[in-house]
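Hi,

Here is the structure I said I would pass on. Have a look at it first, and then read my notes on what turned up.

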Amino acid sequence: MDPLILSRLQFAAATMFHFIFVPLTLGLALLVAWMETCYARTGDKVWLSMTRFWGKLFLINFALGVVTGITLEFQFGTNWSRYSAFVGDIFGSLLAIEASVAFFLESILIGVWIFGWKKLSPRAHAAVMWLVALAGTFSAIWILIANAWMQHPVGYVIRNGRAELADFSAIVFQRFAVLEFLHTVSAAYILSAFFVMGISAWHLLKKQHVEVFTRSFRIALMFGLVFSFFEVIEGHMHGADLAHTQPAKLAALDAHWETSAPAPLYLFALPDDKNERNLIEIGKIPWGLSLMAFHDFSSEVKGLKEFPREERPPVLLVYTAFKLMVGLGFYFCLATLVGLFLRHRLLENRWYLLIMLLSLPLPYIAVQLGWIVAEVGRQPWIVYGIMKTSQAVSPVISGGQVMASLTGFVLVYGLLGAVGLFLMARHAINGPVEEGGEK
């Protein structure tokens with residue numbers, strides 16, 4: 001049993017499971033804050049029912065996100081000690097800010113929100129929820145800056161065999177970090193919108209709590225519409241940036257093997273890593289990749305053969321994840337655009353409600369595919385161009401030890417997932433508690 005492979009599997013399992021909960025926390029906090037603000041302004045009990053209903057789902061989800069996130073930081077010490085020793089000055093400081101400032105602030109504010117219902121005015125209580133949403137976003141900023149540094153390291157010097165901090169502002173404000181933050185947070189907002197629309201659709205199909213879930217659906221619909229289209233535009237900018245920062249990943253995303261100018265884009269291909277070619281290529285656009293990568297019809301795009309085999313990501317996996325993610329991104333635009341025209345006749349269009357109910361898991365799949373594109377697409381580097389993943393694993397752990405901890409993670413996370421799903425499903429199915437408005 002190879003400790004490197006098992007450690008990678010363990011970190012992937014922990015991260016992807018943790019990332020089931022984080023996106024919903026980010027987006028649902030904003031939606032709940034908006035609903036509570038409407039209640040504070042109007043005194044309408046329906047808004048209060050909505051706030052309490054979606055707020056409880058937010059709290060369950062937040063708790064699960066916290067529990068599943070704690071183990072990740074321990075793994076840097078247990079499984080990736082060489083990595084921690086090499087980049088601790090930089091990566092450690094960013095995580096420390098996230099944990100000691102942003103997450104701490106978010107946790108305190110959530111406590112105030114939970115216990116402040118009878119102690120704060122409606123406006124002050126709604127303001128606390130906005131602060132919760134901002135604190136959660138602040139926390140995401142530092143995590144994504146840390147990840148962006150691994151994807152595109154800047155602002156450092158190599159001294160005594162370690163990467164040391166040289167320019168903090170260069171790390172925080174670099175273009176890659178900004179693009180990654182916008183892309184990830186927008187994806188979180190889309191996921192939250194589809195989550196609210198999916199549950200609302202279920203109740204509207206059963207014609208129960210109609211006022212509560214019609215309003216919920218419409219708010220989430222507009223939220224999802226805006227960020228679905230924003231995500232497509234921003235995603236293109238993020239992808240184009242890879243031509244300069246991670247050209248091997250860009251080539252893998254489009255299964256582009258030969259350096260060419262102009263570079264073609266295929267609507268569908270089936271990569272063959274072993275033989276360095278595509279087995280199937282359909283829908284060739286002769287200048288498509290040049291235009292997408294450099295906004296120029298004739299620019300040269302490096303092919304995968306320009307890079308040594310050992311420095312290429314696994315093309316088939318990265319290519320497939322990317323294409324599916326992009327396809328889902330366009331689906332979210334289409335689904336919300338159709339909803340825009342049907343928003344005043346939701347109950348009359350049961351087929352649309354059924355589609356949106358069935359669409360609830362799709363953003364979850366999209367964000368997991370995005371993680372594969374970002375992290376597997378960066379391989380074999382753990383810090384791009386500086387340190388390979390194989391150089392980062394702890395030297396003292398054995399395959400048996402990692403297998404034991406991996407098995408434990410899977411069992412515990414499986415149990416947590418089952419409990420969390422049960423709690424959220426039960427609350428979602430029961431619907432809101434009557435607040436003097438419509439039931």
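Let's start with the charged side chains: Asp89, Arg159, Arg162 and Glu164 are linked in a network of salt bridges. Keep in mind that this is a predicted model. In total, the count comes to 13 salt bridges. As a reminder, side chains of opposite charge can pair when their charged atoms come close.

Asp44 and Arg215 meet through their side chains at 3.0 Å, N to O. Arg215 is buried, because its relative accessible area of 17% is under the 20% limit. Asp44, at 25%, counts as partly exposed.

Then there is Glu311, which forms a salt bridge with Lys388, with 3.9 Å between the closest N and O atoms. This one also links distant parts of the chain: Glu311 is in the loop between α9 (288–294) and α10, and Lys388 is in strand β6 (residues 387–388), 77 residues away. Glu311 is partly exposed, with 25% relative accessibility.

Asp272 pairs with Arg277, and here the closest N and O atoms are 4.0 Å apart. Asp272 is buried at 12% relative accessible area, whereas Arg277 is partly exposed at 42%.

Now for the nonpolar side of things. Leu267, Phe268, Leu270, Leu279, Ile280, Ile282 and Leu316 make up a nonpolar patch on the surface, and together they have about 620 Å² of accessible area. Strands β3 (265–272) and β4 (277–285) each give two or more residues to this patch. Leu316 is found in helix α10 (residues 315–342), and it is partly exposed, with a relative accessible area of 38%.

Helix α10 has a partner as well: its axis and that of helix α11 (residues 350–358) come within 11 Å and cross at roughly 150 degrees. On the α10 side, the residues in contact include Tyr331, Ala335 and Leu342, and on the α11 side they include Trp351 and Ile355. The crossing is left-handed.

Leaving aside residues up to four places away in sequence, Ile143 touches Leu95 and Glu98. Ile143 and Ala96 are 47 residues apart in sequence, with 9.9 Å between their C-alpha atoms.

Cheers

How values were computed
Residues are numbered from 1 along each chain as its sequence is written. This is a predicted model: local features need pLDDT of at least 70, side-chain atom pairs count only at pLDDT 80 or more; totals for chains, interfaces and linings use all residues. Side-chain values use heavy atoms; hydrogens and water are left out. Patches are made of residues with over 30% relative accessible area and no salt bridge: like charges are joined within 9 Å, nonpolar side chains (Val, Leu, Ile, Met, Phe, Trp, Tyr) within 5 Å. Accessible areas come from the Shrake-Rupley method with a 1.4 Å probe; for residues, only the protein chains shown count as cover. Helices (H or I, at least four residues) and strands (E, at least two) are DSSP runs, numbered from the N terminus. Buried means under 20% relative accessible area, exposed over 50%, partly exposed in between (1.4 Å probe, protein chains only). Axes are lines fitted to C-alpha atoms, for helices over the stretch in contact, and angles run from 0 to 180 degrees between N-to-C directions. A crossing is left-handed if the near helix is turned anticlockwise from the far one by less than a right angle, and right-handed if clockwise. Contact means heavy atoms within 4.5 Å.
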